[in-house]
Structure formats: C-alpha cells, structure tokens
Amino acid sequence: MREQLNTKHFGIGDALAMYRLVKKEGKFSEFAHILLDSETRVARNAAWILTHATDEELALLHPMLTQLIDIALHTNNESLRRLTLNIILRLPLAKEDVRTDFLDFCLEHMVRLDTPPGTQALCMKIAHRLCSFYPELNDEFMRIIQSLDLSFYQPAVRCTVRNIMRGKC
C-alpha cells in the first residue's frame, strides 16, 4: 500500500478504492500506522483516505490520538496538518484527552491570519470542544471569538464562529 500512496497523482478514485479495501479488511488501525510512520506524501494520502471513514471507524484510532496530535503540531505540510486535524475533530474526545500544548496550538492558529482558513476553522472547532470540559476556559474561548473582527477572516472561519455562537458546533 505504501507504494500506491507514494504516487504523485493520487486521485479521489484511488482514495475511495483504497478506503473500500481497508474497510473490507477492517484494518483501520493498521492502516493508520502508515500515516504515523511515513514521509509526508504517503502520510498525507493515508490521512486523506482516513477522512473518508465513518466516525465509528475513526473511533478505532482513539488510542493513536497522541501521535495524531503530534503530527498536527509538528508537520510542515499544511495539507497533512489539515487532514490530521479533521481526523482528530471526528474522534471522541474526553476531559483526559486535553493536552495543553495542543489547546494552545489550536487557540493560536484559529485567530492567526497567516493560517489557512480550513486549518483555522478546524482549530476553532477543536479548541471549542477542548474548552467545553472547563467552564472557565469555555468562557474565555467565547470571549475570544466574540472579540474577533470577522471582516479580516475568510468565510470558513466566519461560518464556524456563527455556528459556535448558535450552539451548532
């Protein structure tokens, strides 16, 4: 599989075919190790395939949460970061899963104008979930997003702010 994931032109048809194969074999955890143990192109393609999984299938990856967070924090590849954040967002998170370095990362990148809008929106959604475990952090989070001048942000971020304010995230 690694050889297939290392191709430059890995299209949606390839991704869906590999997802169906992984699903048929029921090997999401084993497949996720490719994401954790690979160079950028292979990891990015593996993450893209995993974003097609159902939430129930992704829940099998919860034991790898720390490693997924480490990828999101340390990769230099914005596509891999965004895809990994997407996977993390869809994992079940509990109070004991809160890592302060990851929460700080999300809080910083959700407001930075040089962060791509998709990453900003994902960081905002994750920060909202993580802060919800602590009332004082949740109050601070809400003050932060209420104070944003949304005219500086892209529609993805403005939509995320509105959804959070309406209680839809």
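In this predicted model, Thr 75 touches Leu 80 and Arg 81, when residues up to four places away in sequence are not counted. Thr 75 is found in the loop between helix H6 (65–74) and helix H7, and it counts as buried because its relative accessibility is 12%, which lies under the 20% cut-off for that class.

**Nonpolar core**

- The largest nonpolar core has 55 residues, and those with the most contacts inside it are Leu 5, Phe 31, Leu 35, Leu 50, Phe 102 and Met 124.
- Helix H9 gives the most to this core, with 7 residues.
- In soluble globular proteins, nonpolar side chains tend to be buried together.
- Leu 5, one of the residues with the most contacts inside the core, touches Phe 10, Met 18, Phe 31, Ile 34, Arg 41, Val 42, Asn 45, Ala 46 and Ile 49, again without counting residues up to four places away in sequence.

**Helix H4 and what covers it**

- Within helix H4, which spans residues 40–50, the buried residues are Val 42, Ala 43, Asn 45, Ala 46, Ala 47, Ile 49 and Leu 50.
- The cover over these buried residues includes helix H1 (2–5), helix H2 (12–25), helix H3 (28–36), helix H5 (55–59) and helix H7 (78–90).
- Among the buried residues of H4, Val 42, Asn 45, Ala 46 and Ile 49 are touched by Leu 5.

**Gln 120 in helix H9**

- Gln 120 is found in helix H9 (residues 117–131), and it counts as buried because its relative accessibility is 3%.
- Leaving aside neighbours within four places in sequence, Gln 120 is in contact with His 109, Met 110, Val 111, Arg 112, Leu 113, Thr 115, Tyr 153 and Val 157.
- Gln 120 and Thr 160 are separated by 40 residues in sequence, while their C-alpha atoms are 9.3 Å apart in space.

**Packing of H10 and H11**

- Helix H10 (residues 135–147) packs with helix H11 (residues 155–165) at an angle of about 135°, and their axes are 11 Å apart.
- Because of that angle, H10 is oblique to H11, and H10 passes H11 in a left-handed crossing.
- The contact is made by Phe 141, Met 142, Ile 145 and Gln 146 on the H10 side, and by Val 161, Ile 164 and Met 165 on the H11 side.
- Sorted by class, the contact of H10 with H11 has 6 nonpolar residues, 1 polar residue and no charged residues.

Note on methods. Residues are numbered from 1 along each chain as its sequence is written. This is a predicted model: local features need pLDDT of at least 70, side-chain atom pairs count only at pLDDT 80 or more; totals for chains, interfaces and linings use all residues. Side-chain values use heavy atoms; hydrogens and water are left out. Buried means under 20% relative accessible area, exposed over 50%, partly exposed in between (1.4 Å probe, protein chains only). Helices (H or I, at least four residues) and strands (E, at least two) are DSSP runs, numbered from the N terminus. Contact means heavy atoms within 4.5 Å. Axes are lines fitted to C-alpha atoms, for helices over the stretch in contact, and angles run from 0 to 180 degrees between N-to-C directions. Angles under 35 degrees count as roughly parallel, over 145 as roughly antiparallel, 65 to 115 as roughly perpendicular and the rest as oblique. A crossing is left-handed if the near helix is turned anticlockwise from the far one by less than a right angle, and right-handed if clockwise. Ala, Val, Leu, Ile, Met, Phe, Trp, Tyr, Cys and Pro count as nonpolar, Asp, Glu, Lys and Arg as charged, and the others, Gly among them, as polar. A nonpolar core is a set of buried Ala, Val, Leu, Ile, Met, Phe, Trp, Tyr and Cys residues joined through side-chain atoms within 4.5 Å.
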